[in-house]
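Visitor: I'd like a close look at just one part of this protein. Pick a spot and walk me through it slowly, please.

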Amino acid sequence: MTVAVSDDGLLVPPGGSPLVVEIDGHYVWSLTPARDGAPAAGGVLVPWPGVLRPYLSGRGRVRVTDPTGSAVLYDDEVGLGGGDGSLAVVDRAGHRLSVDKVGHLARSFADTDEQVREEILAGTRRAIDDLREHAGVAAYLNYGALLGAVREGRMLAHDSDTDLCYLSAHTSPADIVAESYRITRAMRAQGWRLLRMSGGDVKLLLPLSDGRVCHIDVFAAFHVGETFFQLGNRSGDLPRSAIEPFSTIELHGHEFPVPRDPEAMLAFLYGPQWRTPDPSFRYADPPAGVRRLDGWLRGFRTEMGRWTELYNGPRRSAVPAGPSAFAEWVAPQLGDGRAVLDVGAGTGRDALWFARSGRRTGAVDFSRGSLGVVRRRAGRQGLDIDVDQLILGELRSTLAHGTRLARDPHDLYARHLVGCLDAAALDQLWLLARMALRPGGGRLFLELAVGEPSPGDGLVRRTPVEVVRRGIESSGGVVEHLTVGPGEDMFDLPDPAVCRIRAAWPAPDHQEKR
């Protein structure tokens with residue numbers, strides 16, 4: 001059968017073999033029909049990934065092949081969406097993007113020139129040396145970088161970062177987390193910028209001469225009993241003797257440490273078919289192991305990638321630039337002389353408006369994409385806004401911000417944040433409010449979509465009013481104002497059930513307790 005390309009996706013023959021999709025000669029996506037599609041008239045319909053859809057408007061040449069490129073199933077010019085320009089999956093600087101192994105848009109090594117590739121390899125080598133000499137851990141090349149080196153003698157064309165692991169001597173998750181934070185401090189002291197992904201996983205941020213920032217992942221690996229665990233989500237049987245002492249391998253002229261038995265590691269990671277190229281490969285991690293790793297080391301970053309794609313992609317322009325109606329309602333109620341902190345600031349539309357009125361303003365969010373947008377907009381407008389990362393759900397982050405705010409009276413403002421938080425993160429919002437507002441008498445202003453949550457709610461979910469009221473009151477807060485009625489969502493589109501809350505956390509009355 002022939003392949004058909006439409007706005008809905010790709011209609012392809014059924015089967016379990018991976019396919020590669022190019023637009024105008026550039027790799028953008030790989031898929032496996034049996035896994036990613038659904039039966040349809042004439043074959044299997046595989047829908048376009050959500051991260052690609054905003055770019056699929058215009059005309060361009062689409063090519064569908066097997067992973068080697070030798071078998072061409074489709075190669076023709078098509079028109080998609082309502083646009084009349086050229087199809088181009090590119091970032092704001094015009095650099096080509098593709099869907100990476102975890103479903104995010106990134107720049108792959110296939111679109112990286114030799115000079116920049118050399119910068120990535122040298123940076124990875126420097127990271128290994130700094131981890132050994134200053135952080136006291138021996139790191140080895142792993143995941144896609146190891147697979148490319150062993151199977152192809154080069155970086156995988158469809159990969160977009162480099163991965164390192166270190167085998168911890170600890171077997172207690174608490175000790176492994178403490179070790180990871182110690183490593184973080186040591187690497188920062190060596191000048192590295194980094195992003196913490198979990199209690200056992202950090203990204204070192206390597207600036208490149210072409211303007212992008214390459215991520216060097218540093219994952220903890222450890223044994224608990226007879227089970228081997230390795231961040232991301234890997235767990236199973238792999239003895240320490242398969243990893244230590246290290247062997248070495250050459251990659252584009254650079255020598256790197258690798259597990260003692262690299263083939264055993266690759267079989268552990270990718271299964272027995274690891275020698276067969278599959279750019280659409282997805283990990284099949286044991287659910288029990290994932291649950292353990294979630295409980296031990298992570299839990300606060302589940303949706304961060306989707307938010308970052310929103311803030312870095314074309315959908316960001318759908319968020320209005322001016323102040324929301326909620327901000328205009330809150331402004332007259334803010335305390336005289338008190339600063340306001342926009343918690344979950346998003347694009348910063350309301351924080352920028354508060355700052356333009358002359359009020360001292362801060363903006364925090366867990367998404368680095370959001371923080372970058374706010375900083376750039378504040379800079380263009382000549383506004384002084386304190387922009388920082390707050391990760392509700394990571395207690396260390398919440399306590400650090402709460403302690404700072406307790407010494408600097410603020411009002412807290414959060415529009416459509418509550419619907420983005422799970423139960424643990426929501427509890428930490430109340431903790432933050434209690435720490436920040438009780439000493440200075442400030443207020444928390446909330447706007448949220450209310451009602452019973454449903455699977456189709458997306459990034460911002462509905463929340464029952466009583467869940468919010470109960471959380472505020474159980475943490476020592478008082479709901480001073482609460483209304484429910486028609487309002488607007490984060491894009492200012494009509495929403496039939498929006499709640500506005502003003503709450504305070506009064507200091508305990510010790511006289512009454514006597």
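Guide: Let's sort out two words before we zoom in. A strand here is a DSSP run of type E with at least two residues, a helix is a run of H or I with at least four, and both are numbered from the N terminus. Two strands count as paired if DSSP finds at least two bridges between them. Keep in mind that this is a predicted model, where local features need pLDDT of at least 70, side-chain atom pairs count only at pLDDT 80 or more, and totals for chains, interfaces and linings use all residues. Residues are numbered from 1 along each chain as its sequence is written, and side-chain values use heavy atoms, with hydrogens and water left out.

Now for our spot: an open sheet of 7 strands, running β22-β21-β20-β23-β24-β26-β25, with mixed pairing.

Zoom in on β24 (residues 443–449), which pairs with β26 (residues 494–504) in the antiparallel sense over 7 bridges. There, F445 stands opposite R502 of β26.

Helices join in too. Helix α12 (residues 423–437) packs on the sheet, touching β23 (410–415) and β24 (contact means heavy atoms within 4.5 Å), and its direction makes about 155° with that of β24. Helix α13 (residues 465–474) also packs on the sheet, where it touches β24, β25 and β26, and its direction makes about 155° with that of β25.

Notes. Axes fitted to C-alpha atoms, helices over the stretch in contact; angles between N-to-C directions.
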